[in-house]
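Work through the exercises below with the sequence and the model open. Each task is followed by its solution in steps.

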Amino acid sequence: MKTVLTIIKKEFARFFKDTRLWITALILPGLLIFALYNIMGSIIESEVEKGADETCTAYIVNMPDSQSAAYSAIFDIKDDYTNQTAEDALKDGKLDLIIVFPTDAGKIQIKYNSAETKSQTAYALAVAMVANYDIVDLADEQSVARTILSTVVPMVLLMLLFSGCMAVAPESIAGEKERGTIATLLVTPVKRSHIAVGKIAALSAIALLSGLSSALGMLLSLPKLAGSVGGGISFAMYGFGDYAAVLGVILSTVLILVAVISIVSAYAKSVKEASGLVVPIMILVMLCGVFSMFAGTVASIGLYFIPVFNSALVISNVLSGAVNTAGIAITVCMNVAFAAVLVFVLTQMFKSERIMFNK
Amino acid sequence: MEAILQVKNLNKTFKLSRKQRKLEGGAAYKRAVDDLSFTAYKGEIFGLLGPNGAGKTTTLRMLATLIKPDSGDAVIDGASIVADPYGVRSKIGFLTSELKLEDFFTPNYLYDFFSKLYNVPEETATARKNKMFSKFGIDKFAEVKVANLSTGMKQKLSLVISLVNDPDFIIFDEPTNGLDVLTAKTVTDYLVEMRGEGKTIILSTHIFSLIEKLCDRVGVIIDGRLVALDTLANLTAEKNLEDKFFDLYKSVKGEMQ
Ligand SMILES: Nc1ncnc2c1ncn2[C@@H]1O[C@H](COP(=O)(O)OP(=O)(O)O)[C@@H](O)[C@H]1O
Ligand SMILES: [Mg+2]
């Protein structure tokens with residue numbers, strides 16, 4: 001136990017003494033995401049502003065007097081066009097809609113520009129008016145926000161965690177092997193299992209910090225991003241239990257990711273080789289995020305037995321407001337058990353001269 | 001004389017990678033150590049002499065428990081390298097230029113780190129560190145990162161750190177390889193000093209003069225096999241070590257052709 005602590009402390013010291021390393025692993029991810037999301041937010045905001053602020057404009061020909069009041073309530077009716085200039089304005093996006101009422105018993109003609117979001121809205125409104133429907137959007141803002149978050153966040157989170165692990169694990173294991181410093185450790189009477197546990201514990205903690213930095217960047221830029229899609233995203237949407245579940249799942253996931261990358265790094269001869277070998281695993285992890293979008297809340301309980309994929313599922317569930325307690329329990333247990341198996345594998349690798357000395 | 005190391009029928013064969021096979025003329029396996037047996041006694045410097053590729057490093061790595069023998073065993077101060085590798089590791093010091101120290105740490109940090117891994121009590125470790133650092137002139141650089149130390153200083157630090165547990169049995173692969181003359185002298189002087197303290201040293205080298213200068217007994221190893229084992233005095237009774245070695249080499253290689 002004491003040696004495990006000694007190894008953990010050394011890994012921490014190594015990490016924090018290397019300014020370049022902790023800047024790239026801790027500061028940069030958060031900063032980059034914050035900047036990226038703010039820019040994204042600004043772009044969406046300006047797009048949305050273009051559309052949503054004013055009511056749609058329409059040029060209406062032959063409007064029956066009986067309809068006039070109803071249409072004026074919905075559209076900003078423009079009179080200063082001719083049939084020809086109105087079509088040009090529609091094409092240019094200056095006008096959103098043209099409605100031509102028939103003089104006899106013919107059909108109503110609606111002209112719109114499908115390239116313009118606002119014109120599409122105007123078109124839908126007009127169709128409803130003509131058919132005499134009432135359109136009521138029942139989606140409340142929170143559930144829209146939840147749907148967005150529950151599909152996007154698991155994937156993004158897995159990627160962030162993965163890159164956090166990539167920032168530290170190959171360097172600490174393949175790097176030590178490459179530089180010949182792991183052999184120095186292996187001639188000491190320290191148990192190989194202690195080296196494996198110490199390294200994975202320390203690297204997981206650092207990877208978690210790196211993930212936290214990304215998450216912080218994401219959270220801090222959320223108001224900007226949320227504002228751009230019309231609000232509705234707020235931390236108050238979720239309770240303490242939700243956050244605890246997500247945290248537990250993230251923790252167990254990081255253990256697995258660090259252990260897997262450590263195993264690949266122990267197998268590789270150099271950091272460069274490790275980074276290459278890790279690519280298929282990264283794709284697999286991203287696929288977990290992608291598939292969790294589709295599996296959604298209808299996932300059968302069996303899916304919670306698949307490590308990492310189950311993490312994406314749980315996070316997706318929690319964010320969409322459908323907490324599955326059994327799923328969370330299975331996920332955390334499965335992930336921790338799987339991580340333990342991986343630690344055992346890493347220990348065996350440290351014991352293998354063929355792997356540790358394959359120059 | 002009390003035996004401290006008993007090597008019994010050690011064997012080690014490496015499976016060669018495709019690239020290595022070409023260099024070895026197509027063979028899939030390389031027998032690096034072939035039925036090696038010898039004994040080293042307390043308080044002596046024992047030398048393994050042999051050309052490059054003879055199997056010296058492989059032998060010493062097995063003794064240091066970095067790699068496992070295919071068959072055979074060696075017992076160091078009562079601990080078997082096969083049955084009790086952890087016991088062996090805590091009793092020995094293994095020095096080789098292949099064991100590197102991490103660039104990012106200072107000598108001070110690394111000494112303390114390894115002392116803890118060897119479970120040396122803190123006060124003992126501190127006293128030992130002060131003594132060794134001042135002996136090898138590391139004290140002035142104790143807080144300088146390894147990356148910024150001169151090559152000679154790094155090598156001295158490696159030596160000091162592989163002795164944090166003050167072992168009675170020291171394994172040293174090619175002690176003077178890559179050392180500048182001054183560092184080499186410091187190192188060889190220290191080996192003699194340790195022998196004076198009753199410690200046992202087993203070293204490997206291909207340099208005749210080093211054997212002549214340091215060793216009490218010598219094992220000559222060619223192609224993984226021990227072809228001679230005697231005191232330095234007996235081996236060099238008729239002719240000098242170099243001539244004796246080439247006689248042995250000719251007789252072994254001739255018999256094979
Ligand atoms: N890990 C290994 N894989 C394959 N062959 C090896 C390995 N280590 C050593 N050898 C081979 O074993 C033989 C003995 O090597 P070594 O013990 O390093 O010799 P020495 O130290 O006497 O120069 C050499 O032919 C070397 O190529
Ligand atoms: Mg050698």
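**Exercise 1.** Find which element gives the largest share of the shell around ligand 1, and describe that shell.

Solution. Helix 2 of chain B contributes three residues, the largest share of the shell around ligand 1. Helices (H or I, at least four residues) and strands (E, at least two) are DSSP runs, numbered from the N terminus. This is a predicted model, in which local features need pLDDT of at least 70 and side-chain atom pairs count only at pLDDT 80 or more, while totals for chains, interfaces and linings use all residues; side-chain values use heavy atoms, without hydrogens and water. Residues are numbered from 1 along each chain as its sequence is written, and chains are lettered from A and ligands numbered from 1 in the order in which they are written.

Next, list the shell. Ligand 1 is surrounded by 14 residues, the closest being G53(B), G55(B), K56(B), T57(B) and T58(B); a residue is near a molecule if one of its heavy atoms lies within 4 Å of it. By class, five are nonpolar, six polar and three charged. Here Ala, Val, Leu, Ile, Met, Phe, Trp, Tyr, Cys and Pro count as nonpolar, Asp, Glu, Lys and Arg as charged, and the others, Gly among them, as polar.

**Exercise 2.** Why is helix 2 of chain B described as largely enclosed?

Solution. Start from the classes: buried means under 20% relative accessible area, exposed over 50%, and partly exposed in between (1.4 Å probe, protein chains only). Seven of the eight residues of helix 2 of chain B are buried, so the rest of the structure largely encloses this helix. The buried residues are K56(B), T58(B), T59(B), L60(B), R61(B), M62(B) and L63(B). After the helix comes T65(B), with a positive phi near 65°.

**Exercise 3.** How many residues of chain B are in contact with chain A, and what area is buried between the two chains?

Solution. Contact means heavy atoms within 4.5 Å. On this basis 25 residues of chain B meet 27 residues of chain A. About 2,600 Å² is buried between the chains, and carbon and sulfur atoms give 64% of this area. Buried area is the accessible area (1.4 Å probe) that two parts lose on being put together, summed over both. In chain B, Y86(B), F104(B) and L117(B) lose the most area to chain A, together 24% of what that side buries.

**Exercise 4.** Is K129(B) buried or exposed, and which residues does K129(B) touch?

Solution. K129(B) sits in helix 5 (residues 122–135) of chain B. Its relative accessible area is 10%, so K129(B) is buried. Not counting residues up to four places away in sequence, K129(B) touches N108(B), Y111(B) and D112(B).
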